[in-house]
Amino acid sequence: MTATAPTDRRLLILDDDPTGSQCVAGIDVAFDLDPAIPVGVLDQPGSACFVLTNTRALDEQEAVALNRRVLAGVLDGGVPATGLHVVSRSDSTLRGHVIAEPVAIADELAARGIDVDAFVLCPAMLEAGRFTEGDVHYATVGGEAVEVAETDFARDATFGFTSSDLRAFLEERSGGEVRAADVLSVSLEDIRAGVDRVREILADARDRRWVVVNATEYTDLEVVAEAMALLEAEGRTFVTRCAPSFVRPLVGQQGARVVDPDSITIPEGRLDHGLVVVGSHVGLTTTQLRAVQERGTLAEVEIHVPSVLDERREQHLAGVAGQATATLRSSDCVVFTSRDLVRTDDPAESLAIARSVSDAVVEVVRRVREAKPAWVVAKGGITSHEVAENGLGIRRARVEGQFWPGQVSLFSAQEAPDEVMGAPYVVFPGNVGGEQALADVVDVLTASVAAR
């Protein structure tokens, strides 16, 4: 992984789940919201730090308050507001608090005398086949590019939408407060005309104007990032709302650092077997879980969701944790939530159910971590955040690289309980990878244990 032209700006990435760092390496990620962590990481110009807010699991009011609180803590801790670029990192299929979080960041900066000129929306996740062309955002499904509003992602119980055109999407999600006609667009033609053309377009953005960025390859993103850096050097201020790919050129990196069994260290004193935790319910996750089950390489322990939601909860979780702990002594183990999704027509109630299930997964991991599994894989964005912070107790970790270019990150704990330090931790998004991807990651980790 090499660097692009350096910049002196500091980059604070407020990430609404732990998957945003899967296109970079060598950058620290704060799982804990203690502002001292990013303050310490961002002590030098040119530095970058992710802070995992997990706001996709919160309602809008809570998400807004958390964004402002984290940013305020970083600024109050001594990181200068001038020269700080704040990224609101989120989903490449447009789920999340797309409008509210960037606005919250701008409001906190305004309270410090920094006026935001533009919100830059760039949802490309190129490695996963999510790209934007003609202002329309696409997701690759089954090898075919599909307008994102026609995919299952757009029918999300909490963050559903109907528009694939990003300008119309912003109008839809803002309830009309952002008018599609007022949204600036950086087209592929503009980008491929060069940095000066993109800089010219962005220079017209004032007073928190929204700008959508088209991109089908990394060179597109690099041109836009360079144009933004030039304007920031002149005193302009942007807040970026983006998926993982755009973070790479913003932090000045190129290429990918791919891990293999020889580059993964399993410390002595840990078991010879690892733990996979599956909480995501998106269709691809279920398909990947079935592939693991068909290989027959992991013993299975199921968290029965209906039991988690009634008076059987404590007894059931104790049984699951005990079974998983015993299993790890002789076999790799997968703990997964039952695949029948429990939901209602009320978005708030659906979110509450999801939180309860997530809490159950975390409780199982917290009880199992004492066994010191060789490695841990968490499947699902929200799941992986909760497992890291509350299940494993990781406060700060470093991204070591990915299992494929731009997909599925390997973390190493930098601040964590003794029984967790040294164990490779894999963040595996729910909607990323092919059918065999989860099984392939397990194979690499198993080989790393055999090689120690």
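Asp-220 lies in helix α7, which spans residues 218-233; helices (H or I, at least four residues) and strands (E, at least two) are DSSP runs, numbered from the N terminus. The model is predicted, and local features need pLDDT of at least 70, side-chain atom pairs count only at pLDDT 80 or more, and totals for chains, interfaces and linings use all residues. Residues are numbered from 1 along each chain as its sequence is written, and side-chain values use heavy atoms, with hydrogens and water left out.

With a relative accessibility of 1%, Asp-220 counts as buried, a term for residues under 20% relative accessible area, whereas exposed means over 50% and partly exposed lies in between (1.4 Å probe, protein chains only). Its side chain forms a polar contact of 2.9 Å with the side chain of Arg-192. A polar contact is a pair of N or O atoms within 3.5 Å; within protein, one must be able to donate a hydrogen and the other to accept it, and residues adjacent in sequence count only if both atoms are side-chain atoms. Not counting residues up to four places away in sequence, Asp-220 touches Leu-188, Ile-191, Arg-192, Asn-214 and Ala-215, where contact means heavy atoms within 4.5 Å.

Arg-130 is placed in strand β7 (residues 130-133). This residue is buried yet has no salt bridge, and Asp-91, the nearest side chain of opposite charge, is 5.2 Å away. A salt bridge requires a side-chain nitrogen of Lys or Arg within 4 Å of a carboxyl oxygen of Asp or Glu; for charge, Lys and Arg count as positive and Asp and Glu as negative, while His and the chain ends are not counted. The side chain of Arg-130 is instead joined to that of Ser-92 by a polar contact of 2.7 Å. Beyond four places in sequence, the contacts of Arg-130 include Thr-93, Met-125, Tyr-138, Phe-153 and Asn-431.

Two residues other than glycine have positive phi values. Asp-135, with phi of about 70°, is found in the loop between β7 and β8 (136-141) and counts as buried at 7% relative accessibility. Arg-208, with phi near 60°, lies in the loop between α6 (195-203) and β11 (209-213) and counts as partly exposed at 28% relative accessibility.

Helix α13 (residues 381-391) is largely enclosed by the rest of the structure, because eight of its 11 residues are buried. Among them are Thr-383, His-385, Glu-386 and Val-387. The buried residues of α13 pack against β4 (48-52), β14 (275-278), α12 (347-368), β17 (376-379) and β20 (425-428). Just after α13, Gly-393 adopts a positive phi of about 75°.

Two packed helices are described by the angle between their axes and the distance between the axes. Helices α9 (residues 283-295) and α14 (residues 437-450) pack at an angle of about 50°, with their axes 7 Å apart. That makes α9 oblique to α14; angles under 35 degrees count as roughly parallel, over 145 as roughly antiparallel, 65 to 115 as roughly perpendicular and the rest as oblique. Axes are lines fitted to C-alpha atoms, for helices over the stretch in contact, and angles run from 0 to 180 degrees between N-to-C directions. Gln-288, Leu-289, Val-292 and Arg-295 of α9 meet Ala-437, Leu-438, Ala-439, Asp-440 and Asp-443 of α14. Gly-430, in the loop between β20 and α14, is buried with a relative accessible area of 7%. Between Gly-430 and Gln-288, the separation is 142 residues in sequence and 9.5 Å in space, C-alpha to C-alpha.
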